[in-house]
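Please open the model in your viewer and keep the selection panel at hand.

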Protein chains: 2
Amino acid sequence: MNARGDTTRKRLIDATTALVREVGYANVRTRSIAVAAGVAEGTLYRHFADKRSLFYAAVLDRNAPIVAATATLPSLAGRGTVLENLLEVIRKLAQLQEDLLPLEQAMIADPTLAPLRGERVQMPLEGPPHDIARYLAAEQSLGRVRAECDPTLAAISLLAMLFGLAVHPLLGNDLAKSELLGASVSYFVDGVGASATQPKLLA
Amino acid sequence: MNARGDTTRKRLIDATTALVREVGYANVRTRSIAVAAGVAEGTLYRHFADKRSLFYAAVLDRNAPIVAATATLPSLAGRGTVLENLLEVIRKLAQLQEDLLPLEQAMIADPTLAPLRGERVQMPLEGPPHDIARYLAAEQSLGRVRAECDPTLAAISLLAMLFGLAVHPLLGNDLAKSELLGASVSYFVDGVGASATQPKLLA
């Protein structure tokens with residue numbers, strides 16, 4: 001695909017994300033997407049087989065910076081505090097997730113968007129749960145996370161909390177900066193953190 | 001409304017919940033709801049002004065047992081353990097929420113379902129956050145929850161985690177019984193709970 005094709009593709013993806021946010025996936029027509037992207041509807045179909053393919057391309061596109069955001073977390077083990085490290089990455093995820101949320105919300109609400117059998121769709125949280133679990137395991141080996149904590153379950157719990165805060169209709173206004181997000185992460189860290197009475201290998 | 005009218009109303013609400021789960025709110029037609037409920041479409045419109053009103057009636061209906069489930073939680077303060085009390089109520093909520101989830105998911109994904117200005121809609125989590133916050137405050141006064149914990153923020157964090165676990169596309173299979181839910185609640189309780197080194201007024 002040439003540079004012009006890439007630009008068109010990007011504009012179609014951006015228009016899809018914006019329209020899904022405004023009117024919901026089921027109410028979006030490919031015609032409106034083409035209009036919003038400033039291309040002919042035939043051009044849309046040269047890039048994407050159908051509305052669903054376009055939707056999944058948008059999910060992958062919006063997911064990429066989120067996956068990148070947690071990649072370096074495991075290397076921070078033993079530096080700063082567990083709370084600082086997790087809070088920084090969770091706030092960044094909350095901020096980046098704003099672009100992805102309308103798409104994730106469409107996915108959980110519209111049965112026609114469920115991945116088909118055998119279909120390989122990289123889901124939004126695939127990178128982050130693994131990175132956070134690796135980080136927690138590394139902190140655990142340094143004595144800064146309780147020995148009885150399961151890093152994988154803990155990482156999923158933390159991300160589920162972030163996701164719940166972000167998608168709940170009553171919450172989620174500027175979540176990245178909210179007192180609520182800070183409180184939630186600090187309860188979590190108090191929960192998984194090595195208590196003061198447990199030995200710390202690194203002080 | 002007579003008993004027969006109540007039955008019809010209930011059947012329309014049940015059909016709405018089932019169809020929203022199957023095909024998504026935006027893809028449901030009132031005609032299909034009437035067919036599924038075994039009534040004429042004109043009968044539907046004698047009970048409800050439009051699809052949206054029917055949807056909100058279903059939300060209220062499915063919400064009622066969830067609100068009831070947490071009502072007695074505050075009275076349990078000081079009995080059993082904080083973990084046992086919270087885990088029991090959270091598992092019950094996870095189970096009851098199965099009926100409400102497709103409706104909540106539709107609400108978060110479809111901008112046309114956002115409450116209108118001035119519209120009073122009792123949201124699914126209105127009872128539970130207050131009940132859980134009151135419970136945590138009562139445990140705090142007994143020294144079984146950390147003094148620095150904000151009961152309201154903590155209650156919202158816990159419910160957000162439950163909501164996130166329930167709605168995330170990769171999770172949520174039989175959540176009420178899952179190891180993941182148990183682990184999440186126990187991290188939360190470790191996080192907000194009075195640590196072993198803090199004084200407990202009741203042992």
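**The interface of chain A and chain B**

Begin by displaying both chains of this predicted model: between chain A and chain B an area of about 3400 Å² is buried, and carbon and sulfur atoms give 74% of it. Within chain A, select A:Ile108, A:Leu153 and A:Tyr187, which lose the most area to chain B and together account for 19% of what that side buries. Each chain may then be selected by its part in the contact, with 43 residues from chain A and 43 residues from chain B.

Turn next to the charged pairs, of which the interface holds 2 salt bridges. One of them can be shown by selecting A:Asp190 and B:Arg146, whose closest N and O atoms are 3.7 Å apart. Four helices of chain A each give two or more residues to the side that touches chain B: H1 (3-23), H5, H7 (151-167) and H8 (179-192). H7(A) gives the most, with 10 residues. Colouring this side of chain A by residue class shows 25 nonpolar, 10 polar and 8 charged residues.

**The interior**

Now select A:Leu86, B:Leu86 and B:Ile90, the residues with the most contacts inside the largest nonpolar core, which has 130 residues. Centre on A:Leu86; beyond its neighbours within four places in sequence, its contacts include A:Leu73, A:Ile132, A:Phe188 and A:Val189.

Finally, move to A:Asn85 in helix H5 (residues 82-109) of chain A. Is A:Asn85 buried or exposed? A:Asn85 counts as buried because its relative accessible area is 9%, below the 20% cut-off. Apart from residues up to four places away in sequence, A:Asn85 touches A:Leu73, A:Leu76, A:Arg79, A:Tyr135, A:Glu139 and A:Arg144.

Conventions. Residues numbered from 1 in each chain as written. Chains lettered and ligands numbered in written order. Predicted model: local features only at pLDDT ≥ 70, side-chain atom pairs only at ≥ 80, totals over all residues. Heavy atoms only, no water. Core = buried A, V, L, I, M, F, W, Y, C linked by side-chain atoms within 4.5 Å. Buried < 20%, exposed > 50% of the residue type's maximum accessible area, 1.4 Å probe, protein only. Contact = heavy atoms within 4.5 Å. Buried area = accessible area lost by both parts, 1.4 Å probe. Salt bridge = Lys/Arg side-chain N within 4 Å of Asp/Glu carboxyl O. Nonpolar A, V, L, I, M, F, W, Y, C, P; charged D, E, K, R; others polar.
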